[in-house]
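Subject: Structure for you to look at

Dear colleague,

I am handing over the structure we spoke about, and my notes follow directly after it. Please read them with the coordinates open beside you.

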Amino acid sequence: LSDIAINSSQFELSDTFLKVADTIKPFSTKLLIRKVNNFIKIGYFEKAHSLIKRFYYEQNLYDDLKDNPKILSYFSNILLTVFADYEGSLKLSLDSIKRFPKIEEGYKSLAENYIYFYGDLLQGRRILIESINKFHSTLLAESYIKSFFLNNPKAGLYELIKLKKAGLFS
């Protein structure tokens, strides 16, 4: 019902449905994602930010966390792009890698924190290139190439050619 309300732009009605669902299953990652997204759409940014921060400290209470490991990097990205909470984003990225080392999104999130907030292009690119070698991921390769747009597009072109020869891009 919450999804129907969201799709018809009835965000406050969706929030009501989510509150009821929260009483039934209070520690559900899927429900938490919907609540955060809904608060952002309604414009309740402080509530969304607060939910993400609370999740960071209470994540062990979420039984379904292992079924939704990308939530850490997802929330890290929201903290980085919506709230400019770089410290919180970095914490979630590091935690994502620690808890789920086989999930590539955590590495991407960590690298982007170093590149776009700290301005540490070398460290961010180092994380990305190590992760590209580990996962053989076009998602990570794309982020790596985009990092060169900041300071050296020509070098980015050469890196793209190397990655293409390695079979990461068709």
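This is a predicted model: local features need pLDDT of at least 70, side-chain atom pairs count only at pLDDT 80 or more; totals for chains, interfaces and linings use all residues.

I began with helix 5 (residues 71-81) and helix 7 (residues 104-117), whose axes come within 9 Å and cross at roughly 20°. Since angles under 35 degrees count as roughly parallel, helix 5 and helix 7 are therefore described as roughly parallel to each other, and their crossing is left-handed. On the helix 5 side the contact is made by Ser 73, Ser 76, Asn 77 and Leu 80, which meet Glu 105, Gly 106, Ser 109 and Asn 113 of helix 7.

The next residue is Ser 147, which belongs to helix 9 (residues 138-147). Ser 147 counts as buried because its relative accessibility is 0%, and buried means under 20%. A polar atom of the Ser 147 side chain lies 2.6 Å from the backbone oxygen of Tyr 144. Once neighbours within four places in sequence are set aside, Ser 147 is in contact with Ile 115, Tyr 116, Leu 121 and Arg 125.

Lastly, Lys 47 is found in helix 4 (residues 45-58) and is partly exposed, its relative accessible area being 43%. Between Lys 47 and Lys 35, which are 12 residues apart in sequence, the C-alpha to C-alpha distance is 9.3 Å.

How values were computed:
Residues are numbered from 1 along each chain as its sequence is written. Side-chain values use heavy atoms; hydrogens and water are left out. Helices (H or I, at least four residues) and strands (E, at least two) are DSSP runs, numbered from the N terminus. Buried means under 20% relative accessible area, exposed over 50%, partly exposed in between (1.4 Å probe, protein chains only). A polar contact is a pair of N or O atoms within 3.5 Å; within protein, one must be able to donate a hydrogen and the other to accept it, and residues adjacent in sequence count only if both atoms are side-chain atoms. Contact means heavy atoms within 4.5 Å. Axes are lines fitted to C-alpha atoms, for helices over the stretch in contact, and angles run from 0 to 180 degrees between N-to-C directions. Angles under 35 degrees count as roughly parallel, over 145 as roughly antiparallel, 65 to 115 as roughly perpendicular and the rest as oblique. A crossing is left-handed if the near helix is turned anticlockwise from the far one by less than a right angle, and right-handed if clockwise.
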